[in-house]
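Subject: Structure for you to look at

Hello,

Here is the structure I said I would pass on. Please open it first, and then read the notes below it.

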Amino acid sequence: MREDGSIGWEITLPVQAGQRVRLEKIVAIYNSRDRAISKSLDEARLQAAHASDFETLLTNHRRSWRHLWQRCGLTLQTAGTRIPQVLNLHIFHLLQTVSVHAIDLDAGIPPRGLHGEAYRGLIMWDELFVFPFLNLRIPDLTRALLKYRYRRLPQARIAAAAAGFAGAMFPWQSGSNGREEAQTLHLNPQSGHWIRDSTQLQRHINIAVAYNVWLYYQVTGDLHFMSFYGAEIILEISRFWASLARFDSSLNRYEITGVMGPDEFHTGYADAEESGLANNAYTNVMVAWLFCRALEVLELLPAERRQATCENLGLSDRELQRWEDISRRMRIVFHDDGIISQFEGYDRLEEFDWQHYRRKYSDIHRLDRILEAEGDSPNRYKLSKQADVLMLFYLLSADELRQLFHRLGYPFARDTIPRNIDYYLQRTSHGSTLSRVVHAWVLARSKRRESWHLFEEALKSDISDLQGGTTHEGIHLGAIAGTVDLMQRFYTGLETRQETLRFNPALPRRGAADDVQHPLSPSLAQGNRGKGQDQRVQSERKSGAYQSRHCGRLPRTSSGRTHRAGAEALNFVASAEQSQIEALNRASLPVRRLWR
């Protein structure tokens, strides 16, 4: 029956008093993009007609979730149950949005999940915080989601050319075909004013896309993906940044201008007509890192694929030499004897009166809106919405940064990281749900109590609607994934780099999290994907364990060794035919070369 724009089903049946009636409604949904169908309506009718009864479907549903939980669940021993519950709720939301069913689809990762209309379903940089979880649990899903970006390379090339650049320029807010959909005007609900929106200048989205490709390869060793998809993404993004960089002969350095960093409060210089900043530190350092990776990618490709890729893209030796040069002479600006300037001119900004504004307003997360309503601008002050410079310490290890700064000819002292963390943390409003995730991460080594406090606050982002009214527009998927990854990788000290699985636990104060257990993807520990190694990481306060259990025939030998990593002992238990454990300044365990 159809009535007032609705569709219903009227059922008439004889019943007697006290008789129970059970109705089962089975629905099948198809669309024209589904594979192996003729017409979506015909297929829906066919599958609904042949569907099992409700009890059978429910049993299958429960079994599927049990299998997912065996692969993705996290066991955490704490003083209470609240934190493990919230973390596993976050994993549940993640698996709803980035479902294994998306492996065969052309799907991206919307920043507010499938739960609301915020950002209109556009694809942004939140995948940077989601992929680390998927890489270690369901890497095939990461692979599929990265191919979503690969399919939009043609549009990214068009966008770069239209802006006067080479290579590929991915948009800050990506529409269905990869076009830029970032708004140019933004309504400030605090003042009722429509103001200019320059967020499309966040070109660092391209760094995130390339970083995601590289991290996926570091975890999986998927050379096939790198050869046919990933390399092209990294190389074309490198081309874009090379065309954006300009050489200043007076400084003997390359510079990048007209961009915004992750902070978002600073859109330009206070007295400038045009938006954009010069030499954003996060952008410049990560671009130098990117060129190193691009050159490394060409080295690791099989000779045939390297030749084909270079010929298809028209890469010349001169172009590669320029990348090498930029990777050694990119400019980084400093102030106050070792503080990395968020951008050139940051040191000339005014200090912000945080105490005054905390007294004046109950909530100062969105200082950009508050200041605009007062006729002022955050472009005048040393303040941040979220981590900007500190994103460097989130994405790269201290060893990687030290090597990179040395390559660029800049000092990187032992106190560079803690000094910069202290400096910028006290100048951050946490106006984004991602902010507390990043700050919890970078503080975990030096100030574990503060790190754990920020972690607990990040857990409240959606379950307590921490920003006061944004959760009804959709969950914050990046923050949700970030909290899980904090427990999965950082507090357990798990790192994948240079074909090595490294452990350096940083568990918080006693009683907060004394025991963390989680599974790893069966394809993590060997170059030949899918041989079926079940693996699990367990980090305790005094020790950590890495276990691998062969699902088929038993291996001929088993080994268990203990190494010291700082003050904490790590016990590696590996069932393997050949075990090699490399003791660096931190305990480390080869990933793909451990099993032959």
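This is a predicted model: local features need pLDDT of at least 70, side-chain atom pairs count only at pLDDT 80 or more; totals for chains, interfaces and linings use all residues.

Which helices each supply at least two residues of the lining of the largest cavity? They are α4 (127-137) and α7 (205-220).

Residues are numbered from 1 along each chain as its sequence is written, and side-chain values use heavy atoms, with hydrogens and water left out.

The chain as a whole

The protein chain has 19 helices and 18 strands. Both are DSSP runs numbered from the N terminus: helices are H or I with at least four residues, and strands are E with at least two. Of the 596 residues in the chain, 54% are buried. Buried means under 20% relative accessible area, exposed means over 50%, and partly exposed is in between, with a 1.4 Å probe and protein chains only. A contact means heavy atoms within 4.5 Å. Among contacts with a separation of 6 or more, 67% are between residues 24 or more positions apart.

The cavities

On a 1 Å grid over the protein atoms alone, a cavity is a set of points where a 1.4 Å probe fits but cannot get out, and its lining residues have an atom within 4 Å of a point. Grid points are joined across faces, edges and corners, and a volume is the space filled by probe spheres set on the points. There are two cavities of 30 Å³ or more.

The largest cavity holds about 40 Å³ of space. Its lining is made of Pro132, Asn135, Leu136, Leu215, Val219, Arg489 and Thr496. Helix α4 gives the most to this lining, with three residues. By class, the lining has four nonpolar residues, two polar and one charged. In this sorting, Ala, Val, Leu, Ile, Met, Phe, Trp, Tyr, Cys and Pro are nonpolar, Asp, Glu, Lys and Arg are charged, and the others, Gly among them, are polar.

The second largest cavity has a volume of about 30 Å³. Gln342, Ser384, Gln386, Ala387, Asp388, Val389, Leu390, Tyr424 and Thr428 line it. Four of these residues are nonpolar, four are polar and one is charged.

Cysteines

How many disulfides are there? The count is zero, where a disulfide is a pair of cysteine sulfur atoms within 2.5 Å. In general, a disulfide is a covalent bond between the sulfur atoms of two cysteines.

Cys72 counts as buried because its relative accessibility is 0%. Cys310, at 19%, also counts as buried. Cys292 is buried too, with a relative accessible area of 11%, and lies in helix α9 (residues 281-300). Leaving aside its neighbours within four places in sequence, Cys292 is in contact with Ser327, Leu404 and Arg407. Trp323 is 31 residues away from Cys292 along the chain, and their C-alpha atoms are separated by 8.1 Å.

Helix α18

Helix α18 (residues 448-463) has 16 residues. From its first C-alpha to its last it reaches 23 Å, close to the 22 Å expected at 1.5 Å a residue; the expected span is 1.5 Å times one less than the number of residues. Its buried residues are Ser451, Trp452, Leu454, Phe455, Glu457, Ala458, Leu459, Ser461 and Asp462. They pack against α3 (82-97), α17 (433-443) and α19 (477-490). After α18 comes Asp465, whose phi is positive, near 50 degrees.

Residues in loops

Asp337 is not a glycine, yet has a positive phi of about 55 degrees. Asp337 is in the loop between β8 (334-335) and β9 (339-340). Is Asp337 buried or exposed? Asp337 is exposed, because its relative accessible area is 71%.

His430 also is a residue other than glycine with a positive phi, near 55 degrees. The loop between α16 (416-425) and α17 holds His430, which counts as buried at 11% relative accessibility.

Val27 is in the loop between β2 (6-7) and α1 (40-49). With a relative accessible area of 57%, Val27 is exposed. Val27 and Ala51 are 24 residues apart in sequence, and 8.9 Å apart from C-alpha to C-alpha.

Regards

Key:
On a 1 Å grid over the protein atoms alone, a cavity is a set of points where a 1.4 Å probe fits but cannot get out, and a pocket is an open set with protein on both sides within 12 Å along at least five of seven lines; lining residues have an atom within 4 Å of a point.
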